[in-house]
Amino acid sequence: MRLYLLALNPTDSVTEGFLPAAAALGLDVTVLTDSAGAHHLAYAALPRPVEVLECQVQDFREVIGLISRHHAPDAVFTNSDHLQTQAALAAGYFGLPAKDWKATLRAKNKAELRRHLTASGLDAVRSTELAPGQDLAELAAPDLPFPCVVKPREGVASEDVVLAGDLDELVRLGTEIRRRRTGAALVVEEFLVGDLRTLETLGDGRTRHVLGGFRTQVSQPPGFIEEALDFVHAHPKAVVDQVLAQLDALGVGLGACHTEFIVQADGRARIVEVNYRAIGDRADLMMAQVLGIPYFELVLRTHLGERLPADLGARDDTYAHNLAVCADRAGTLTAAPGPAELVEGDVRLSYRPLRALGEQHPHYRTNRDYLGLIWALGPDPVALREAAAGFAAGRRWEITP
């Protein structure tokens with residue numbers, strides 16, 4: 001059986017999660033990407049060969065054409081935010097299990113997501129869309145709430161997501177985003193106040209499993225850097241029901257979905273964004289260990305048209321804590337620890353560097369400032385936080401201007 005996997009840059013989710021899962025399922029894999037060289041390097045050490053073909057993957061017509069000229073497909077899949085609609089259209093073209101392309105578009109296009117949820121009657125976040133080149137000063141409307149969030153309409157991972165306190169600041173920040181992202185449309189919306197959470201779901205189009213979620217700690221505004229995550233096996237049912245109703249309205253059903261939402265003081269759950277794929281930054285790899293399930297295989301099985309079991313057999317006695325080590329300035333990374341795997345009592349701790357020594361970077365004020373990720377797993381959430389903090393305190397990361 002042949003799996004076509006669409007990708008942009010290599011990711012741990014694919015290299016350590018989905019490709020080993022495909023091998024375990026006996027699938028032959030063809031990766032379609034617009035950066036074949038990087039993928040050849042990333043997969044060089046994998047025990048099972050992976051075919052990598054150059055393709056303009058952001059154009060669904062090119063994807064369909066290449067697949068038509070190559071081996072017959074049994075599944076077309078992607079874990080990229082940017083390629084969900086292309087994969088859905090290609091899978092549908094070949095009569096394979098596919099996400100609803102309208103749902104993938106709504107999830108990716110943050111303005112369309114807001115409009116659709118408003119039309120559904122489930123939630124109405126005050127927002128407006130700015131076309132490329134549209135004057136930011138036009139936002140001086142009486143009903144525009146401040147502070148407000150400005151972000152790229154089709155952005156990802158908190159990049160260029162900032163809080164503006166007034167119109168002058170909104171114009172300045174929006175202009176800076178446009179300088180970095182030529183031609184990008186922007187969304188400006190009300191700032192949702194509350195506790196940030198995530199919901200991780202897995203469905204086969206008929207059965208949906210709620211796998212749990214994360215409590216997320218973010219940096220102080222104006223940026224929104226995810227500084228720490230704590231896995232919880234269940235959010236309150238009333239909160240989960242609200243989020244699931246909104247996902248149903250958006251048409252989310254097949255495969256993995258990672259949803260970020262705010263829980264307000266009155267218990268109201270309001271979606272921040274829907275990422276119609278597995279959670280990233282190694283959280284999916286850790287979640288699979290915490291739950292004790294073949295998570296990546298299950299995701300691929302749904303794209304092969306298989307039904308999910310009624311009970312996934314997930315454990316509920318293990319937790320996870322993630323602590324991100326972030327750069328606080330621009331410069332060159334001149335000192336940092338290497339990868340680590342430690343066991344201290346009931347705590348299993350892992351550290352993965354995300355920036356190589358000698359690399360020079362600006363200060364992004366986003367998740368791209370991550371120098372490395374510390375993950376701790378075990379039965380005691382308090383012990384996990386203490387172990388991760390202790391590891392960070394005992395190591396040195398140095399950035400030279």
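E169 is partly exposed, with a relative accessible area of 25%; here buried means under 20% relative accessible area, exposed over 50%, and partly exposed in between (1.4 Å probe, protein chains only). Its side chain meets that of R172 in a salt bridge, 3.6 Å from N to O. A salt bridge is a side-chain nitrogen of Lys or Arg within 4 Å of a carboxyl oxygen of Asp or Glu.

E169 is partly exposed, with a relative accessible area of 25%; buried means under 20% relative accessible area, exposed over 50%, and partly exposed in between (1.4 Å probe, protein chains only). The side chain of E169 meets that of R172 in a salt bridge, 3.6 Å from N to O. By salt bridge we mean a side-chain nitrogen of Lys or Arg within 4 Å of a carboxyl oxygen of Asp or Glu. Helices (H or I, at least four residues) and strands (E, at least two) are DSSP runs, numbered from the N terminus.

A word on what you are looking at: this is a predicted model, in which local features need pLDDT of at least 70 and side-chain atom pairs count only at pLDDT 80 or more, while totals for chains, interfaces and linings use all residues. Residues are numbered from 1 along each chain as its sequence is written, and side-chain values use heavy atoms, leaving out hydrogens and water.

The structure holds 34 salt bridges. Another of them joins D204 and R307, at 3.2 Å from N to O. D204 lies in strand 9 (residues 195-204) and R307 in the loop between helix 10 (295-303) and strand 14 (319-326), so this pair ties together parts that are 103 residues apart in sequence. D204 counts as buried, at 6% relative accessibility. Elsewhere, salt bridges with shared partners link E112, R115, E129, R153 and E154 into one network.

Now turn to D100. K102 forms a salt bridge with D100, with the closest N and O atoms 3.2 Å apart. K102 is partly exposed at 37% relative accessibility, and D100 is partly exposed at 29%.

R106 is buried yet has no salt bridge, and D100, the nearest side chain of opposite charge, is 4.8 Å away. For charge, Lys and Arg count as positive and Asp and Glu as negative, with His and the chain ends not counted. What the side chain of R106 does reach is the backbone oxygen of L250, at 2.9 Å. Setting aside neighbours within four places in sequence, R106 is in contact (heavy atoms within 4.5 Å) with E112, L113, H116, A249, L250 and G251.

On a 1 Å grid over the protein atoms alone, a cavity is a set of points where a 1.4 Å probe fits but cannot get out, and a pocket is an open set with protein on both sides within 12 Å along at least five of seven lines; lining residues have an atom within 4 Å of a point. Grid points are joined across faces, edges and corners, and a volume is the space filled by probe spheres set on the points.

The second largest pocket contains about 390 Å³ of space. Among its 18 lining residues, D160, R180, Y364, R365 and T366 are the closest to its centre. Helix 7 (residues 167-180) gives the most to this lining, with five residues.

A search of the whole structure finds four cavities of 30 Å³ or more. The largest cavity has a volume of about 60 Å³, and its lining includes V76, F77, Q84 and H303. Helix 4 contributes the most to that lining, with four residues.

Methods: Polar contact = N/O pair within 3.5 Å; in protein donor to acceptor, adjacent residues only side chain to side chain.
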